[in-house]
Amino acid sequence: MNVVPGTASLLEELDKKLMVLLRDGRTLIGYLRSVDQFANLVLHRTIERIHVGKEYGDIPRGVFIVRGENVVLLGEIDGDKEKDLPLSQVPVDDILDAQRREQELKQDQEQLMSKALKERGLSYIPDLGHDDMF
């Protein structure tokens with residue numbers, strides 16, 4: 001099979017179920033309906049999947065347009081392997097609560113790290129997320 005470099009190779013993925021990881025850390029799963037020369041994507045029947053530990057929750061998003069520069073990773077989802085995930089699905093409210101608790105714990109740990117380093121005369125620059133990568 002000849003591989004076409006760049007965005008043109010995404011044409012082979014049309015109408016397939018894809019997982020898309022965005023720069024801000026979100027994970028989208030949907031069917032690729034359209035792509036252009038800038039790798040902008042149109043996903044249909046899209047869900048946003050939130051993972052916390054070995055649990056996940058899905059938030060329906062419908063039609064979703066993704067600007068190409070925000071895509072970090074994308075790949076086709078194998079339907080057979082998707083059924084055998086070692087994860088358990090939980091209600092959206094539960095996963096959002098778990099995500100909030102995880103973020104609060106991370107902030108607490110960063111504050112402790114900052115305090116410990118400050119006591120030693122050092123400064124701590126926290127992970128500001130994926131938004132400032134570019």
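Modeller: The expected span of a helix is 1.5 Å times one less than its number of residues, and the structure discussed here is a predicted model.

Biologist: How many Å apart are the end C-alpha atoms of helix α2, and what span should its residues give?

Modeller: Helix α2 covers residues 92-119, which makes 28 residues. At 1.5 Å a residue, the helix should therefore span 40 Å.

Biologist: Is Ser114 buried, partly exposed or exposed?

Modeller: Ser114 has its place in helix α2, and Ile125, which is 11 residues apart from Ser114 in sequence, lies 8.0 Å from it in space, C-alpha to C-alpha. Buried means under 20% relative accessible area and exposed means over 50%. Because the relative accessible area of Ser114 is 30%, this residue is classed as partly exposed.

Biologist: Is Asp58 buried or exposed?

Modeller: Asp58 lies in strand β4, and, leaving aside neighbours within four places in sequence, it is in contact with Ile47, Glu48, Arg49, Gln89 and Val92. The cut-off for a buried residue is under 20% relative accessible area. Asp58 has a relative accessible area of 15%, so it counts as buried.

Biologist: Which residue has a side chain joined to that of Asp58 by a polar contact?

Modeller: Among the residues in contact with Asp58 is one from the list that also includes Ile47 and Glu48. The polar contact between the two side chains has a length of 2.7 Å, and the partner of Asp58 in it is Arg49.

Biologist: Which residues make up the covered face of strand β1?

Modeller: Strand β1 runs over residues 17-22, and its uncovered face holds Lys17, Met19 and Leu21. The covered face of β1 is made up of Leu18, Val20 and Leu22.

Biologist: What is the bridge partner of Val20 in β2?

Modeller: Strands β1 and β2 run antiparallel and are joined by five bridges. The two strands form a hairpin with four residues between them, and Gly25 in the turn has a positive phi of about 95°. In β2, the residue bridged to Val20 is Leu28.

Biologist: What is the bridge partner of Met19 in β5?

Modeller: Strand β5, residues 71-76, pairs with β1 in the antiparallel sense over five bridges. Met19 belongs to the uncovered face of β1, and its bridge partner in β5 is Gly75.

Technical notes: Residues numbered from 1 in each chain as written. Predicted model: local features only at pLDDT ≥ 70, side-chain atom pairs only at ≥ 80, totals over all residues. Heavy atoms only, no water. Buried < 20%, exposed > 50% of the residue type's maximum accessible area, 1.4 Å probe, protein only. Pairing = 2+ DSSP bridges. Polar contact = N/O pair within 3.5 Å; in protein donor to acceptor, adjacent residues only side chain to side chain. Contact = heavy atoms within 4.5 Å.
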